[in-house]
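I opened this entry to keep track of what I looked up, one topic at a time. The notes below follow the order in which I went through the structure.

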Amino acid sequence: MNSLSVSTRDIILEIHGKVKLSCQFKRHLSPTTVGLITRSLPLKSNAHQLGNSIIYIETGIDSGIERKKTNFKNGDIAFLPAEGSICFFVDDVSITKPMTPIGRILGNLDILRKVKVGDILSLYAATG
């Protein structure tokens with residue numbers, strides 16, 4: 001993986017300061033939003049949950065909707081502009097509130113399924 005690619009950015013999602021998952025932000029999905037988020041890295045926040053299918057963190061990033069979608073697959077990453085949140089999908093889901101697609105989780109989703117509300121999640125650029 002090339003963390004300096006123009007079209008993709010390799011990202012690490014760290015859980016509890018212990019477990020790390022590889023992720024990839026994809027510029028072609030939503031160039032403005034992905035650019036804004038990558039310039040805001042590193043991000044650190046408490047985990048929240050929407051049902052059993054979505055883990056998210058609040059970021060304080062203010063961005064409008066871009067290339068909105070309401071259907072997401074297990075492993076997708078999206079930005080919810082109304083809340084300024086980055087959402088990680090652990091199951092296939094169809095939602096009513098449109099989100100901006102921004103990337104994919106490349107690591108083991110079973111790890112993410114074990115995240116509890118209040119756990120600390122960190123997002124930062126992969127190095128090396």
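**Cysteines**

I searched this predicted model for disulfides and found zero. The sulfur of cysteine 23 has its closest cysteine sulfur in cysteine 87, 13 Å away, which is too far for a bond, given that a disulfide calls for sulfur atoms within 2.5 Å. I then looked up the accessibility of both residues: cysteine 23 counts as buried at 1% relative accessibility, and cysteine 87 is buried with a relative accessible area of 0%.

**Strand E1 and its partners**

On one pairing, E1 runs antiparallel to E2 and is joined to it by eight bridges, with isoleucine 12 standing opposite serine 22. The two strands form a hairpin with three residues between them, and I noted that histidine 16, in the turn, has a positive phi of about 60°. E1 also runs antiparallel to strand E9, residues 120–125, through five bridges, and here isoleucine 11 has alanine 125 as its bridge partner.

**Helix H1**

For helix H1, residues 31–40, I listed the buried positions as Thr33, Val34, Gly35, Ile37 and Thr38.

**Aspartate 76**

Is aspartate 76 buried or exposed? At 10% relative accessibility it counts as buried, since the cut-off for buried is under 20%. Aspartate 76 lies in strand E6, residues 76–80, and its side chain reaches the backbone nitrogen of lysine 73 at 2.7 Å. Leaving aside residues up to four places away in sequence, I noted contacts of aspartate 76 with Lys69, Cys87, Phe88, Phe89, Gly103, Arg104 and Ile105.

**Aromatic pair**

A search of the whole structure gave me one aromatic pair. The ring centres of phenylalanine 72 and phenylalanine 89 are 4.5 Å apart and their planes lie at 10°, so I recorded the pair as stacked. Phenylalanine 72 lies in strand E5 (residues 69–72) and phenylalanine 89 in strand E7, so the pair ties together parts that are 17 residues apart in sequence. Both phenylalanine 72 and phenylalanine 89 are buried.

**Salt bridges**

My count of salt bridges comes to four. In one of them the side chains of glutamate 83 and lysine 97 meet at 3.6 Å, N to O; glutamate 83 is in the loop between E6 and E7 and lysine 97 in strand E8, so this pair ties together parts 14 residues apart in sequence. Glutamate 83 is partly exposed at 44% relative accessibility, and lysine 97 is partly exposed with a relative accessible area of 42%.

I then followed arginine 113, which forms a salt bridge with aspartate 91 whose closest N and O atoms are 3.5 Å apart. Arginine 113 lies in helix H2 (residues 109–113) and aspartate 91 in the loop between E7 and E8, so the pair ties together parts that are 22 residues apart in sequence. The side chain of arginine 113 also meets that of aspartate 110 in a salt bridge at 3.0 Å, N to O, and these two residues both lie in H2, three residues apart, about one turn of the helix. Through shared partners, salt bridges join Asp91, Asp110 and Arg113 into one network.

Notes:
Residues numbered from 1 in each chain as written. Predicted model: local features only at pLDDT ≥ 70, side-chain atom pairs only at ≥ 80, totals over all residues. Heavy atoms only, no water. Helix = DSSP H or I, 4+ residues; strand = E, 2+ residues; numbered from the N terminus. Buried < 20%, exposed > 50% of the residue type's maximum accessible area, 1.4 Å probe, protein only. Polar contact = N/O pair within 3.5 Å; in protein donor to acceptor, adjacent residues only side chain to side chain. Contact = heavy atoms within 4.5 Å. Pairing = 2+ DSSP bridges. Phe/Tyr/Trp six-rings, centres within 6.5 Å; stacked < 30°, edge-to-face > 60°.
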